[in-house]
Each structure stands twice: as C-alpha cells, then as structure tokens.
Amino acid sequence: MTTRWLTPEEQRAWRAYLAASRLLDDAMDRQLQQDAGMPHLFYSVLAILSEAPDRRLRMTDLAEELKITRSRLTYAVTRLERDGLVRREDCRWDRRSSLAVLTDEGMSLLERTAPGHVGTVRATLFDRLSPEQVRQLEEICAGVARGLQGEEAGGAAEEVPWRRRSTPCAEPPG
C-alpha cells in the first residue's frame, strides 16, 4: 500500500486546524476555569442537560451527544454530582441505564457562567469570521462529523467514542 502524503496545501490546512482547535480549547478551558472552576467538558455536560426534556438524559445518550466515551462521561458526572450540580437517577424504562439530571444548583451555575462562555466563543471564533465563513465552517464540520460517525455510508461507525469501552471486556450475555 502506497502512502498518500498530504499536499503542501493540505499540510498547511491540517496544521492550521490543529493550532486553531488547540487554542480554542485552551481559551474555553481558561475562561470556564476562571468563571466556574470547571473544564469545558463539565460545562458541556451541564449545557446539554439544560436543553434536555426535564433537564435529564440517559447516560448513553449524553455520551453520544458529547461524542465521548462512557467512562469519561462517568468520571465527569461523578465530579459534577459531588459538587451538587448533577444527580443520577435510575432509568424507569431501561433498567440497564441511569439518567443524569441537572440540579437547580447546576442550572443556576450554568446561567451565571453562560454569558462569559458565549462571549469567549464569540470573541475567539465568530467575530473573526464572515457570515459566509460561518456557513462554510458549519458545512465542513458537519461533513467531517457525518463521515467519522459512518452516516455517509448509511451505517454507524463501530469506533465512535460513545461506543468505546475503556477496558476490553465482553458485553454480558443477553
């Protein structure tokens, strides 16, 4: 098999993407640590739960929404639960699952933190783009995400983060 090396244009685009994504992640984390004492992932958990019906989601659905492993989500929810921002409940319709529920304290923190977070997102990204570039950014990112999740091929990719296990163990017999 012959390696298809990146063209000079692709190499520049790749490196620009890496630099921008790392700098954006750092800016989000710094702002959220300063304003809320939490990393961006924890804020994202709160934000997604705030938009869910009754501010609750099955843990597996939350992992899928966040595009992270279930073990990473469990760690984040455990920390948020310890701080009183989220609680877990048994899932009445699926005994194998549990729900993550945003508490009133978590909603209050989110409401206090959201304006600064949105300001940082706007200042670091959207204020630097034209409306056409915003449309192109959405189109590009959505296309990449669809491809990585296997949606373009009509199926689901086997190795998407929320389906991965942190340790190799077999599913219980069903």
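Here is a friendly conversation about a predicted model of one protein chain.

Trainee: What pattern does the protein chain follow, read along the sequence?

Mentor: Let's begin with the overall layout of this predicted model. There are six helices and three strands in the protein chain. Read in sequence order, they give the pattern α-α-β-α-α-β-β-α-α.

Trainee: How much of the protein chain counts as buried?

Mentor: A residue is called buried when its relative accessible area is under 20%. The protein chain has 174 residues, and the share of them that counts as buried is 29%.

Trainee: Let's look at H1. How far does helix H1 reach from its first C-alpha to its last?

Mentor: Helix H1 covers residues 8–36, which is 29 residues. At 1.5 Å a residue, the expected span is 42 Å. The model comes close to that, with a reach of 41 Å.

Trainee: Which helices do the buried residues of H1 pack against?

Mentor: The buried residues in H1 are Leu-18, Ala-27, Met-28, Gln-31, Leu-32 and Ala-36. Just after H1 comes Gly-37, with a positive phi of about 65°. The packing partners of those buried residues are helix H2 (40–51) and helix H5 (104–124).

Trainee: Are H1 and H5 roughly parallel or roughly antiparallel to each other?

Mentor: The axes of H1 and H5 come within 10 Å, and their crossing is right-handed. They cross at roughly 150°, and angles over 145 degrees count as roughly antiparallel. H1 and H5 are therefore roughly antiparallel.

Trainee: How many nonpolar, polar and charged residues does the contact of H1 with H5 have?

Mentor: On the H1 side, the contact is made by Leu-24, Ala-27, Met-28, Gln-31, Leu-32, Asp-35 and Ala-36. They meet Leu-109, Thr-113, Gly-116, His-117, Thr-120, Val-121 and Thr-124 of H5. Sorted by class, the contact has seven nonpolar, six polar and one charged residues.

Trainee: Now for H2. How do the residues of the contact of H2 with H4 divide by class?

Mentor: The axes of H2 and helix H4 (residues 70–82) come within 10 Å and cross at roughly 80°, and that makes H2 roughly perpendicular to H4. From H2, Leu-41, Phe-42, Val-45 and Leu-46 meet Arg-72, Leu-73, Tyr-75, Ala-76, Val-77, Arg-79 and Leu-80 in H4. By class, these residues are nine nonpolar, no polar and two charged.

Trainee: What about H2 and H3: how do the residues of their contact divide?

Mentor: The axes of H2 and helix H3 (residues 59–66) come within 11 Å and cross at roughly 120°, and the crossing is right-handed. Leu-41, Ser-44, Val-45, Ile-48 and Leu-49 of H2 make the contact with Leu-62, Glu-65 and Leu-66 of H3. These residues divide into six nonpolar, one polar and one charged.

Trainee: Does Asp-54 count as buried or exposed?

Mentor: Asp-54 is found in the loop between H2 and strand S1 (56–58). Although Asp-54 is not a glycine, its phi is positive, at about 55°. With a relative accessibility of 61%, Asp-54 counts as exposed.

Trainee: And Arg-55, how does that residue count at 23% relative accessibility?

Mentor: Arg-55 lies in the loop between H2 and S1. Its phi is near 55°, a positive value in a residue other than glycine. At 23% relative accessibility, Arg-55 counts as partly exposed.

Trainee: Last one: which residues does Leu-129 touch, not counting residues up to four places away in sequence?

Mentor: Leu-129 sits in the loop between H5 and helix H6 (131–148). Its relative accessible area is 25%, so Leu-129 is partly exposed. Beyond four places in sequence, Leu-129 touches Val-134 and Leu-137.

Notes:
Residues numbered from 1 in each chain as written. Predicted model: local features only at pLDDT ≥ 70, side-chain atom pairs only at ≥ 80, totals over all residues. Heavy atoms only, no water. Helix = DSSP H or I, 4+ residues; strand = E, 2+ residues; numbered from the N terminus. Expected span 1.5 Å × (residues − 1). Buried < 20%, exposed > 50% of the residue type's maximum accessible area, 1.4 Å probe, protein only. Contact = heavy atoms within 4.5 Å. Axes fitted to C-alpha atoms, helices over the stretch in contact; angles between N-to-C directions. Parallel < 35°, antiparallel > 145°, perpendicular 65-115°, else oblique. Left-handed = near helix turned anticlockwise from the far one by under 90°. Nonpolar A, V, L, I, M, F, W, Y, C, P; charged D, E, K, R; others polar.
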